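Opening the notebook on a new model today. I want to look at the sheet first, then go through the salt bridges.

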Amino acid sequence: MKFTPRKVNAYLFFKLPSAWWCGVRLVAITNTSAEVKVRYGFINKNPFKSMYFAVQAMAAEFSTGILVMREITKQTEKISMLVKENKAEFTKKAKGVITFSCTDVDALKEAVNKAVVTKQGQTCWLNAVGIDEDGDQVASFSFKWTLKCK
C-alpha cells in the first residue's frame, strides 16, 4: 500500500471502521512524522461535553501505528507489530478539531533495524501529542510497540 492520506483513510474504513466512524483521519505523513485529526461531534462525545477519551486514544495510536506500518513495509523481513503498553495524560477538555502528531521516527527506525539484525523482539515507545484548534495541548499518549520478525 502506498502511504498517502487518501489510501490510508480508505484502509481505515475497511480495517478499523470504528475509528473511521468516530472521525479519525490521517491528514499528513512524511519521513519524520504523522498527523491525525479527529473532530469533536455527536458520535464521539462523552456526557461531559468533550471528546470521549477512547476516541482520542484511537487517533493518537493511529498516528504512531501508521509510522510503524510504513517502516516495517520497507523491510524484506516480515515483522509483526503490537501495542504492549500505553500511557495517557489529559490536560484539557478536547473540543473542536484535535490533531495528534507523532515525530519519534528515529527511535522507531532503530528498533525495526535491531529486530531485523538480531531476529529478536524489540520494543520502542512512540509518543503522540494532541493539540486543539487554539494550539493548546489537550492530551499526550505514549505507546510501547513490540516488533518481532516472523
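Predicted model: local features only at pLDDT ≥ 70, side-chain atom pairs only at ≥ 80, totals over all residues.

**Sheet and salt bridges**

β2 (residues 34-39) runs antiparallel to β4 (residues 97-102), and I find six bridges between them. Zooming out, I get an open sheet of six strands, ordered β1-β2-β4-β5-β6-β3, with antiparallel pairing. At the edges sit β1 (25-29) and β3 (79-90), each with pairing on one side only. On average, neighbouring strands in this sheet are turned by 25° against each other, ignoring direction.

Then I checked what packs on the sheet. Helix α4 (residues 105-118) does, and it touches β3, β5 (122-131) and β6 (137-149). I noted an angle of about 160° between the directions of α4 and β5.

On to the charged pairs. How many salt bridges does the structure hold? I get four, and I followed up on some of them.

*Lysine 119 and glutamate 77.* The closest N and O atoms of this salt bridge are 3.0 Å apart. Lysine 119 is in the loop between α4 and β5, while glutamate 77 is in the loop between α3 (53-73) and β3, so the pair ties together parts 42 residues apart in sequence.

*Lysine 92 and aspartate 132.* Their side chains meet in a salt bridge at 2.9 Å, N to O. I place lysine 92 in the loop between β3 and β4 and aspartate 132 in the loop between β5 and β6, so this pair links parts that are 40 residues apart in sequence. Lysine 92 is partly exposed, with a relative accessible area of 36%. Aspartate 132 has 9%, and because buried means under 20%, I log it as buried.

*Lysine 92 and aspartate 136.* Here the closest N and O atoms are 2.8 Å apart. I have aspartate 136 down as partly exposed, at 34% relative accessible area.

Last entry: which residues do salt bridges with shared partners join into one network? I find Lys92, Asp132 and Asp136.

Methods:
Residues numbered from 1 in each chain as written. Heavy atoms only, no water. Pairing = 2+ DSSP bridges. Helix = DSSP H or I, 4+ residues; strand = E, 2+ residues; numbered from the N terminus. Axes fitted to C-alpha atoms, helices over the stretch in contact; angles between N-to-C directions. Contact = heavy atoms within 4.5 Å. Buried < 20%, exposed > 50% of the residue type's maximum accessible area, 1.4 Å probe, protein only.
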